[in-house]
Each structure stands twice: as structure tokens, then as C-alpha cells.
Amino acid sequence: MSIWWSLHLRREAASVSLARRLLVGAMETAGVDPDVSYDLSLALSEACANAVEHGGDASTTDYRVTAFIDGDTCRIEVTDSGPGLPRGRHARALATHSARAPQPACHAPAHQARQPAVRETPLAEHGRGLFLIEELTDRVRYRDRPGRDGTVVSFDKILKWRDDAPFMAS
């Protein structure tokens, strides 16, 4: 079973909860375990909040969210039109967070570009969103949009299914 959806959202706070509710509804309908759905919805909320806050200037008013369920894997991509991820001495050496799961064979590999900035402390006011995404998912990739300004944050999670799941992966 494969399903996907894509949203073109305004860079405003209300769009974060809209994206989260649509994802949770799709996961519930498909029969994904509620704990997995919760992890993905929180990771999506953090990625969308980053796109709203950092995803552009006054001339960029939108961002995109795309979700793919292919077999037992969900991949979510959040794409904005901001300045991209920071480079330099504060860049983190995170090529790809993949300690828990391999990349699904169904998708082409992502290209790594610039890295997110280092979080100074776990109690810092900002910077915990990317950490949460990394902890809640199985694989995270950060890259600049090819040929234009912006960032793509994509993350995968292996799905668990409820016993009564109508679309359970075979």
C-alpha cells in the first residue's frame, strides 16, 4: 500500500496545527499505531514551526509539506524558501541520523548539503526542534533546495500497525 499527500501552506502559526491534524487523521485512517502517529505528528510540528519561523522573509509567504506512506515506512518532507541552513564553525557534523533504521529502498537517496546549527545547551530557548525530530524518527536529512533558496527537512519512521489496520503493509 502506498499513499501520499502534499500541502502548500502559508507561513503562519495556524498552518502548523493544520498539517499536524491532517497527518494524524491520515495515520489513524490507515491504522498506524497511535504512539508512532504521535511521534510523527510532533516531528512534523517542529519541522513546520521551523519553516514558519525561519523559512523566508516578508516576500516568501509559503512552505510545502509532503508525506509518503510506502509499505511500512512514512517519509515526511518540509520545504521552505528561507536562506538555507547555516555553514561555518558552528555547523554540526550530522551527515544523517540513521542509527535505528536503514533508508527505505523505495526512495532515492537524499543529498546532504549544509548542516543545522549546534544546540548550545539542552535547556536553550531555541534549537530543540531539530533535536526532537532526530529523536522521534528513524532517519533525518537536511539539505538546501536545489537551484534556489530554501531548506528541505525530511525524516522517515518505520510504522507499526494496529491489529485492525485497514491498510496494513503486507
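Mentor: Let us begin with a definition: two strands pair if DSSP finds at least two bridges between them. Strands (E, at least two residues) and helices (H or I, at least four) are DSSP runs, numbered from the N terminus. This is a predicted model, in which local features need pLDDT of at least 70 and side-chain atom pairs count only at pLDDT 80 or more, while totals for chains, interfaces and linings use all residues. Residues are numbered from 1 along each chain as its sequence is written, and side-chain values use heavy atoms, with hydrogens and water left out.

Trainee: How many bridges join β3 to β5?
Mentor: Strand β3 (residues 73-79) and strand β5 (residues 151-158) are joined by 7 bridges and run antiparallel. Within this pairing, T73 has I158 as its bridge partner, and C74 has K157.

Trainee: What is the strand order of the sheet?
Mentor: The sheet is open, with 5 strands in the order β1-β2-β3-β5-β4 and antiparallel pairing. At its edges are β1 (2-10) and β4 (139-144), each of which pairs on one side only. On average, neighbouring strands are turned by 10 degrees against each other, direction ignored. Such angles run from 0 to 180 degrees between N-to-C directions, and axes are lines fitted to C-alpha atoms, for helices over the stretch in contact.

Trainee: Which strands does α1 touch?
Mentor: Helix α1 (residues 14-30) packs on the sheet and touches β1, β2 (62-70) and β3, its direction making about 170 degrees with that of β1. Contact here means heavy atoms within 4.5 Å. Helix α2 (residues 34-54) lies across β2, β3 and β5, and runs at about 175 degrees to β5.

Trainee: Which residues have the most contacts inside the largest nonpolar core?
Mentor: They are V65, I76 and F155, in a core of 35 residues. A nonpolar core is a set of buried Ala, Val, Leu, Ile, Met, Phe, Trp, Tyr and Cys residues joined through side-chain atoms within 4.5 Å. The largest share, 8 residues, comes from α2. Leaving aside neighbours within four places in sequence, F155 is in contact with residues including L40, I76, I133 and T137.

Trainee: Where is T137 found?
Mentor: T137 is in the loop between α3 (128-136) and β4, and counts as buried at 0% relative accessibility. A polar atom of its side chain lies 2.7 Å from the backbone oxygen of I133. In α3, I133 is one of the buried residues, and what covers the buried residues of this helix includes α2, β4 and β5.

Terms used. Buried < 20%, exposed > 50% of the residue type's maximum accessible area, 1.4 Å probe, protein only. Polar contact = N/O pair within 3.5 Å; in protein donor to acceptor, adjacent residues only side chain to side chain.
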